Number of protein chains: 2
Amino acid sequence: MKNRQTTIIDLAKALKISKSTVSRALTNHPNIKTETKKAVLELAGEMDYQRNMLSVSLVNKKTNTIGIIVPEFVNSYFSKVIIGAQEAAAVAGYNVIICQSNENYNQEISNVNIMLSNQVDGVLVSLTKETRNFDHLKRFAKKGIPIVFFNRVCDEMIVPKVIVDDFEGAYKITEHLIETGKKRIAHLAGPDNLIISRKRKEGYLTALKKHNIAIDQELIIPYDLLLEKVNIFVNHLINLPNPPDAIFAINDPTAIKVIEFLKSKKIRIPEDIAIAGFSNDNYSALIEPPLTTMSQPVHEIGKVAAELLIDQMNREVKDWKAVTRMLKTEIIIRGSSVKE
Amino acid sequence: MKNRQTTIIDLAKALKISKSTVSRALTNHPNIKTETKKAVLELAGEMDYQRNMLSVSLVNKKTNTIGIIVPEFVNSYFSKVIIGAQEAAAVAGYNVIICQSNENYNQEISNVNIMLSNQVDGVLVSLTKETRNFDHLKRFAKKGIPIVFFNRVCDEMIVPKVIVDDFEGAYKITEHLIETGKKRIAHLAGPDNLIISRKRKEGYLTALKKHNIAIDQELIIPYDLLLEKVNIFVNHLINLPNPPDAIFAINDPTAIKVIEFLKSKKIRIPEDIAIAGFSNDNYSALIEPPLTTMSQPVHEIGKVAAELLIDQMNREVKDWKAVTRMLKTEIIIRGSSVKE
DNA sequence: CTGTTAGCGCGTTCAG
DNA sequence: CTGAACGCGCTAACAG
C-alpha cells in the first residue's frame, strides 16, 4: 500500500555501521566522531530520512503533543485562543492536536478518547454548553495527564484555569447601559451549567441592584446559545407590554444576531434599544451600528493556558498546582449603546 | 513523571491469560470464547484501559490520521473547510491534525515535517501566498503519502484538487458591476503565484473586454493579502485623477476593509463606489452595506477534498488518480453593489 | 479457542 | 567512540 519510508536501519546498512551509531548521530549525542556524524547527516538528507515520532514517543512514553478541546472554532474567539496556545506550545517544542466537541457532550467524551489513545502529554479544555458531568475529564488526571481549563471552566475539578473576570465585565457593561439612561435592561443569559453564564448574570444583577433598578425576571431570558433561536427571544422581548430599552447578550455572536433582527424590525439602535455583547469578536466593530462589548485578551488566554499546562507537565503529579489566572477585560463602547 | 497507563499486559496479568487473547478480545476477533471476551471487556472498563494508538500505528504502519495544512483559520473560510473535511474523515474512521502555516513558506515547510514525522496517512493542503517552490510537498508523494490540494492549489503537481471556478466567479461578479452601470472597475488582485489570484484577475479582465470597457492598468492593484495595507491602496485609488466607481476585491476580508475605509471617508457605497468580494465569509452579510460576493460551498470543499484523499489512500500508488473537482459558486448580490 | 514468538522503529542500557 | 541486546505496547503469524 505504502512505500516504506527511510529508517535508521536503511541508513545504517548503507553506511555499514550500527543502528545505534546512526541513532546517536541523529540525536546530537556527544560520544560520536564528527566525521561519521557528518556522513550520517548527509545521507539522511539525501535519502530524506524523517524521524518516526511514533516510535520515539513509544520509547519515551512522551509524545510532545498537547491536545486542545474546544466547543467550536467557526467564531473567531476559539480560533484565536488556539493560535495563542499553539504559539506558546511551539516555543516549548510541543505540537498541538485540536478537537472540536461541536457543543456536544458525547462528542466531548469521544474527543477525550481520541486524546487519550493518541497519548497527549497534556490537554487544554473549554467545555461544551451541555457538560454537567466531568468523569470523562477526570480520566486525564487519573492517568497522570495534566489538564488546564480556559474560558468554560469547571468548579468541580481542582486544576489550573484561565479565565477573565466575567462578573466584573458584565457588571461594568450593565452599568454602562444604566449610565446611558437605560432603565429596562434585558439579558440573554447562557446555560446555567456554564460558570461564565452564571457569573455574567450575577454581574448584570448586581449592577442593577447597585443602581436601584428593580429586577424583572421577565427580562432575563434563559438561552441555550443556539443562534437560530435569538430572533424568537428578541421578538418576545419587544412585544412585552413593557419592553426593554437595552439588551445585554451573553456573547457577541448573539448580540450581532440581536442587532440584525432589530434592524429588520426597524427598531432604532441605540435610541429605542441599546445592545451590548461580550468578547469583542472579529466583526463586532464592523456591523452597523458597531457593537459595544467587553474585549477579552484571546491570544493571551491561549498562551497563558498553554504555559500553565507545560508547567504542570514538567512537574511530578504530586507537585501539580491549581492556580487560576484571571486576565483583564476592557470595555469597548461603540455605537450600539451610545449614539456616535 | 507520568503514571503508567493500563496496558494489555496489565489486563492479561490480572486475568491470568495471554496478552494475545486480551488483544483479540479487545479487537472483536472471531475466535474467542464469549465469556473470556466479556471478562476482558469488563476489566478493561474497570481499569480504564485505553488502546495506545502509537503502538497500533507503529505495527500497522498506518496512523488513521490525515493532516491538514492551511494558511490561517481566523477567517471563517478555512475553519469551515476544516469542519467539512473533519466530518468526512470521521465517517471513514480518520482523525485529523491541523497545522496553520500562517501564510509563511518556511512555516509550511516545518508543517510538512510535522506531518511526516507524525506519519499521517495523507494530507490536505492549501498553499501559503508565498509558496513558489513545491519540493517540500513533493516529499509526500515520494514517500507514498497522497496529497490533495484545495482552494490554493498548485499546477506543478499532478494530484487531486478541489477548487471552484474562480475565473467564472470573477467574470460574473465583474459583469454584475458593469450591468449596474459601473465603468471604472478597480481590482485588488492577489499575489500572482496563487492560481486563484490569476484566475480571478483573468475573469475580471475578460468581463471588461467582453463589455468593451478599456482596461486601465492603474486600476489593477497588486496586493499581497495584508489587510493592514488595504487602506493605503484604496486611498490611492480614490485620489486618482479619474477614480474608480467600483472595486472588486480578491476576497471578502479585503472587501470588508475597503468598505470600512470608504465609510470613514464618507464615500457612499454603492452610489459613489460599489464593492464586491469573493467567498461569502461569515460576516459579509452583516456589515453595512452588506457585501456582494460569490459564495463558495466551503463545507463541501472540505468534504470532497477529504473524500478524494481517502480514495487515494485506499489505492496503490500506481493507481492514484489526479482528478480535479470544480465546485459551484453562486453570486450573492447585496447592498454594496446595488442600492436596496 | 488460546498461547508463543517475532517485529514495527527507535532510544538506551551495557559491554567493549 | 561504537556495537549488541533489550524493550516501549501492540498485532500478526504460527503453533497447538
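Student: Which residue of chain A comes closest to the rotation axis?

Tutor: Two copies of a chain are related by a rotation about an axis and a shift along it. In this predicted model, the residue of chain A that comes closest to the rotation axis is A:Ile287, whose C-alpha lies at 2.2 Å.

Student: What rotation and what shift superpose chain A on chain B?

Tutor: The rotation is 180°, the shift along the axis is 0.0 Å, and chain A then superposes on chain B with an RMSD of 0.1 Å. That is the relation of a two-fold axis.

Student: How many residues of each chain are in contact with the other chain?

Tutor: The size of an interface is often given as the accessible area lost when the parts come together. Here the interface is described by its residues: 40 residues of chain A are in contact with 40 residues of chain B. On chain A, at least two residues of this side come from each of helix H4 (53-60), helix H5 (76-91), strand E2 (95-100), helix H6 (105-117), helix H7 (135-142) and helix H11 (252-264). H4(A) supplies the largest share, five residues. By class, the side of chain A that touches chain B comprises 15 nonpolar, 14 polar and 11 charged residues.

Student: Why may one say that the copies meet through the same surface?

Tutor: Because 100% of the interface residues of chain A are also interface residues in chain B, the copies meet through the same surface.

Student: Let us turn to the sheets. In what order do the six strands of the open sheet in chain B stand, and is their pairing parallel or antiparallel?

Tutor: Strands of a sheet pair through backbone hydrogen bonds, either parallel or antiparallel. In chain B the order of this open sheet is E2-E1-E3-E4-E5-E11, and the pairing is parallel. At the edges stand strand E2 (95-100) and strand E11 (324-327) of chain B; each has a single partner strand, so one side of each is left without a neighbour in the sheet. On average, neighbouring strands of this sheet are turned by 20° against each other, direction ignored.

Student: Over how many bridges do E5 and E11 of chain B pair?

Tutor: Strand E5 (residues 161-164) of chain B pairs with E11(B) in the parallel sense over four bridges. In this pairing, B:Met326 of E11(B) is the bridge partner of B:Ile163. A helix also packs on the sheet: H5 (residues 76-91) of chain B touches strand E1 (65-70), E2, strand E3 (122-125) and strand E4 (147-150) of chain B, and its direction makes about 170° with that of E1(B).

Student: Which strands are the edge strands of the four-stranded sheet in chain A?

Tutor: This open sheet of chain A has the order E7-E6-E8-E9, with parallel pairing. Its edge strands are strand E7 (220-222) and strand E9 (274-276) of chain A, each pairing on one side only. Neighbouring strands are turned by 15° against each other on average, direction ignored. Strand E6 (residues 185-189) and strand E8 (residues 246-249) of chain A pair in the parallel sense over four bridges, and A:Ala186 stands opposite A:Ile247 in E8(A). Helix H8 (residues 166-179) of chain A lies across E6, E8 and E9 of chain A and runs at about 170° to E8(A).

Student: How do the axes of H5 and H12 of chain A cross?

Tutor: The axes of H5(A) and helix H12 (residues 298-313) of chain A come within 7 Å and cross at roughly 45°. That makes H5(A) oblique to H12(A). Their crossing is right-handed. Among the residues that meet are A:Tyr77 and A:Lys80 in H5(A) and A:Val298 and A:His299 in H12(A). By class, the contact of H5(A) with H12(A) has 11 nonpolar, three polar and five charged residues.

How values were computed. Residues numbered from 1 in each chain as written. Chains lettered and ligands numbered in written order. Predicted model: local features only at pLDDT ≥ 70, side-chain atom pairs only at ≥ 80, totals over all residues. Contact = placed C-beta atoms within 7 Å. Nonpolar A, V, L, I, M, F, W, Y, C, P; charged D, E, K, R; others polar. Least-squares fit on C-alpha atoms with pLDDT ≥ 70 in both. Pairing = 2+ DSSP bridges. Axes fitted to C-alpha atoms, helices over the stretch in contact; angles between N-to-C directions. Parallel < 35°, antiparallel > 145°, perpendicular 65-115°, else oblique. Left-handed = near helix turned anticlockwise from the far one by under 90°.
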